[in-house]
Amino acid sequence: MSMNPGTPTAEAPQPGINGAAGFAAQSATWFETGGMLGQAPCYVAGTRIATAGGEVPVETLKPGDTVVTADGGGPPLRPVIWVGHRKVSLRRRGNLLALAPVRITVGALADGVPHRDLCVSPDHAMFLDGRLVPAGLLVNGVTIFQDFHHAEVTYWHVELPAHALLVAEGALSESYLDDGNRGQYDNCGLITVFMDAVTARGTGRYDAASCFRPLRHGPLLDAIRDRLALRAKGMRRRA
């Protein structure tokens, strides 16, 4: 999983089943103002992405590799054009909700979905009910929770010719969409000369260019969270 163990951050919030609503309310405020403190969405190193040759760890992908896409609006296989990565310290108190990965456990979204624990950054969008939902808004403290017990984490993301849905650990989630945050990656290179240094998600650029409409609040989000929470309770009873 490439999350390096270290001293747990003792002051980090640990939302349980009763704390999920408070976490979601706080997260919603951040997302409505353009994202979780402007952090770029990513996959944690070790996440397996479906490719033409089977599932491979995200960090092994390179430009020219062909990945499986599932958005229905284009070819089922598309080439990778860029792979970004960044190492993030989780020792910086005050930023933990924005930085610590969200762990979506096996079967949290549907039967067998994901088929292996999936770890993504809080801003990273999952595809549910025809919409793109940031993972941080799905936290229920039981089957979907933030993992604070690591000193640092390495995040990776995969860019295709157009924004699309990748298959990560059997779950549908977004590919990278440059909305001005490429400069947050350690290997951004000279391409940032042509990009804004600050994320442009608050300007509506992401919403306009995304492959499906983002969902950050409202009755549909409430219904999705309620369904996943009910599913979590059922899974806990069967455990």
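Ile 49 sits across from Val 56 of strand 4. Keep in mind that what you are looking at is a predicted model. The protein chain has 15 strands and four helices, and 51% of its 239 residues count as buried.

**The hairpins**

- Strand 3 (residues 48-51) pairs with strand 4 (residues 54-57) through four bridges, and the two run antiparallel.
- Together, strand 3 and strand 4 make a hairpin, with two residues between them.
- Further along, strand 14 (residues 165-168) and strand 15 (residues 171-174) are also antiparallel, joined by four bridges.
- Within that pairing, Val 167 has Leu 172 of strand 15 as its bridge partner.
- The hairpin of strand 14 and strand 15 has two residues between the strands, and Glu 169 there takes a positive phi near 55 degrees.

- Is Ser 175 buried or exposed? Its relative accessibility is 1%, so Ser 175 counts as buried, the cut-off being under 20%.
- Who surrounds Ser 175, once its neighbours within four places in sequence are set aside? The contacts of Ser 175 are His 157, Val 158, Leu 160, Ala 162, His 163, Ala 164 and Leu 166.
- Asn 140 belongs to another loop, the one between strand 11 (131-134) and strand 12 (144-146).
- With 4% relative accessibility, Asn 140 counts as buried too.
- Where does the Asn 140 side chain reach? It comes to 2.9 Å from the backbone nitrogen of Thr 143.

**Aromatic pairs**

- How many aromatic pairs turn up in a search of the whole structure? The search finds two.
- One of them is Trp 82 with Tyr 176, a tilted pair at 5.4 Å centre to centre, with 50 degrees between the planes.
- Trp 82 is in strand 7 (residues 82-89) while Tyr 176 is in the loop between strand 15 and helix 3 (205-209), so this pair ties together parts that lie 94 residues apart in sequence.
- Both Trp 82 and Tyr 176 are buried.
- Phe 127 and Phe 212 also form a tilted pair, at 4.5 Å centre to centre and 45 degrees between the planes.
- This pair links distant parts of the chain as well, with 85 residues separating Phe 127 in strand 10 (residues 125-128) from Phe 212 in the loop between helix 3 and helix 4 (219-238).
- Phe 212 counts as partly exposed because its relative accessibility is 23%, and that category runs between 20% and 50%.

**The chain as a whole**

- Take the contacts in the protein chain between residues at least 6 apart in sequence: 68% of them join residues at least 24 apart.
- The chain exposes about 10100 Å², and 55% of that comes from carbon and sulfur atoms.

**How confident is the prediction?**

- The average pLDDT for the protein chain is 80, and 71% of the residues score at least 70.
- Over residues 4-20 the pLDDT stays under 50, and the model gives this stretch 36 contacts beyond four places in sequence.
- Residues 190-200 are also below 50 in pLDDT, with 16 contacts in the model beyond near neighbours in sequence.

Methods. Residues are numbered from 1 along each chain as its sequence is written. Side-chain values use heavy atoms; hydrogens and water are left out. Two strands pair if DSSP finds at least two bridges between them. Buried means under 20% relative accessible area, exposed over 50%, partly exposed in between (1.4 Å probe, protein chains only). A polar contact is a pair of N or O atoms within 3.5 Å; within protein, one must be able to donate a hydrogen and the other to accept it, and residues adjacent in sequence count only if both atoms are side-chain atoms. Contact means heavy atoms within 4.5 Å. Accessible areas come from the Shrake-Rupley method with a 1.4 Å probe; for residues, only the protein chains shown count as cover. Rings of Phe, Tyr and Trp (its six-membered ring) pair if their centres lie within 6.5 Å; planes under 30 degrees apart count as stacked, over 60 as edge-to-face and the rest as tilted. pLDDT is the predictor's confidence in each residue, from 0 to 100.
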